[in-house]
Amino acid sequence: QEVKDLLPQHGAVLTGGHFVYKAGDHGDAYVAKDALFPFPDTMELLANTIAERHESARVQVVTGAAMGGAILAQHVGRAFWHKPGERVHTPFIDKDGDDLVIRRDYGRFFDSKRVLVVEDIINSGKTARRAGELVHEAGASFIMVMALVNRGGVTAAQIGAPLVSLLDVTLNHYPATDPCPLCQADVPINTEFGHGRQFLAKRAAAAGA
């Protein structure tokens, strides 16, 4: 409940708009997790909650994909450092275009380790699944995924690893392959949050081709 209350307090839940999500689908609401990052006390509370949820998991490495997951991983790693006998490393995973990649020789931190992959918002589960694949390829002995918010009803089976979220949110969304009623109604696309700016740029390029 505390996590649920934090989102609107920081203006992190936007409704009544037209948003484009990472997976390409559209919807009328958005969870703006970036609104939480400027507040270290809030991030500390969330990180401590995640660490408490995994007290028995013997986590050795916490990682996340840049940028939201990487920021969250640093806070969660710090929370584990406050626990006696639990000292973790927090290498992050880079974005490489539309894919993810492990750089900076960070792969060595995952070898034979129990890894917690943290995500801010899970939409389709694509990022968490790919991060898990990379960590597995780097030799991790066990992988689990933790998200602040599971927006898409994504399951552990879809991720390919145990999955826990602090909050599950169901938002209206329209698959990219289907006619979008918001587009048909000419509701302006939000370009400040989500991937609306990229969507409009691609649509303009396609129209001009």
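This is a predicted model: local features need pLDDT of at least 70, side-chain atom pairs count only at pLDDT 80 or more; totals for chains, interfaces and linings use all residues.
A pair of aromatic rings is described by the distance of the centres and the angle of the planes. The count here comes to 5 aromatic pairs. Take Tyr-21 and Tyr-30: their ring centres are 6.2 Å apart and their planes meet at 10°, so this pair is stacked. Both Tyr-21 and Tyr-30 are buried. Phe-92 and Tyr-106 are arranged another way, with centres 5.6 Å apart and planes at 80°, so they make an edge-to-face pair. Phe-92 sits in the loop between helix 3 (68-81) and strand 4 (94-96), while Tyr-106 sits in the loop between strand 5 (99-101) and strand 6 (114-122), so their contact ties together parts that are 14 residues apart in sequence. Phe-92 has 22% relative accessibility and so counts as partly exposed.

Tyr-21 and Tyr-30 belong to one aromatic cluster together with Phe-19 and Phe-193.

Strand 2 (residues 26-31) is joined to strand 9 by 2 bridges. In one of the contacts with strand 9, Gly-27 has His-173 as its bridge partner.

Then there is the space inside. Rolling a probe the size of a water molecule over the atoms shows where empty space is left. How many cavities of 30 Å³ or more turn up? The count is 1, and the largest cavity holds about 30 Å³ of space. Its lining is made of Val-3, Leu-6, Leu-7, Leu-36, Leu-46, Leu-148 and Val-149. Helix 1 (2-9) and strand 7 (142-150) are the elements giving two or more residues to that lining, and helix 1 provides the largest share, with 3 residues. By class, the cavity lining has 7 nonpolar residues, with no polar and no charged ones.

The largest pocket has a volume of about 660 Å³. It is lined by 24 residues, and the closest to its centre are Lys-22, Ala-23, Asp-98, Lys-126 and His-195. Strand 5, strand 6, helix 4 (126-137) and helix 7 each give two or more residues to this lining, which divides into 8 nonpolar, 8 polar and 8 charged residues.

The second largest pocket has a volume of about 450 Å³. Of its 25 lining residues, Tyr-30, Lys-33, Asp-34, Lys-95 and His-195 lie nearest the centre. Here the elements giving two or more residues are strand 2, helix 3 and strand 6. The lining of this second pocket splits into 11 nonpolar, 6 polar and 8 charged residues.

One last stop is Ile-189, found in the loop between helix 6 (181-184) and helix 7 (196-208). Its relative accessibility is 13%, so Ile-189 counts as buried. Ile-189 and Val-59 are 130 residues apart along the chain, and 41 Å separates their C-alpha atoms.

Definitions and conventions: Residues are numbered from 1 along each chain as its sequence is written. Side-chain values use heavy atoms; hydrogens and water are left out. Rings of Phe, Tyr and Trp (its six-membered ring) pair if their centres lie within 6.5 Å; planes under 30 degrees apart count as stacked, over 60 as edge-to-face and the rest as tilted. Buried means under 20% relative accessible area, exposed over 50%, partly exposed in between (1.4 Å probe, protein chains only). Helices (H or I, at least four residues) and strands (E, at least two) are DSSP runs, numbered from the N terminus. Two strands pair if DSSP finds at least two bridges between them. On a 1 Å grid over the protein atoms alone, a cavity is a set of points where a 1.4 Å probe fits but cannot get out, and a pocket is an open set with protein on both sides within 12 Å along at least five of seven lines; lining residues have an atom within 4 Å of a point. Grid points are joined across faces, edges and corners, and a volume is the space filled by probe spheres set on the points. Ala, Val, Leu, Ile, Met, Phe, Trp, Tyr, Cys and Pro count as nonpolar, Asp, Glu, Lys and Arg as charged, and the others, Gly among them, as polar.
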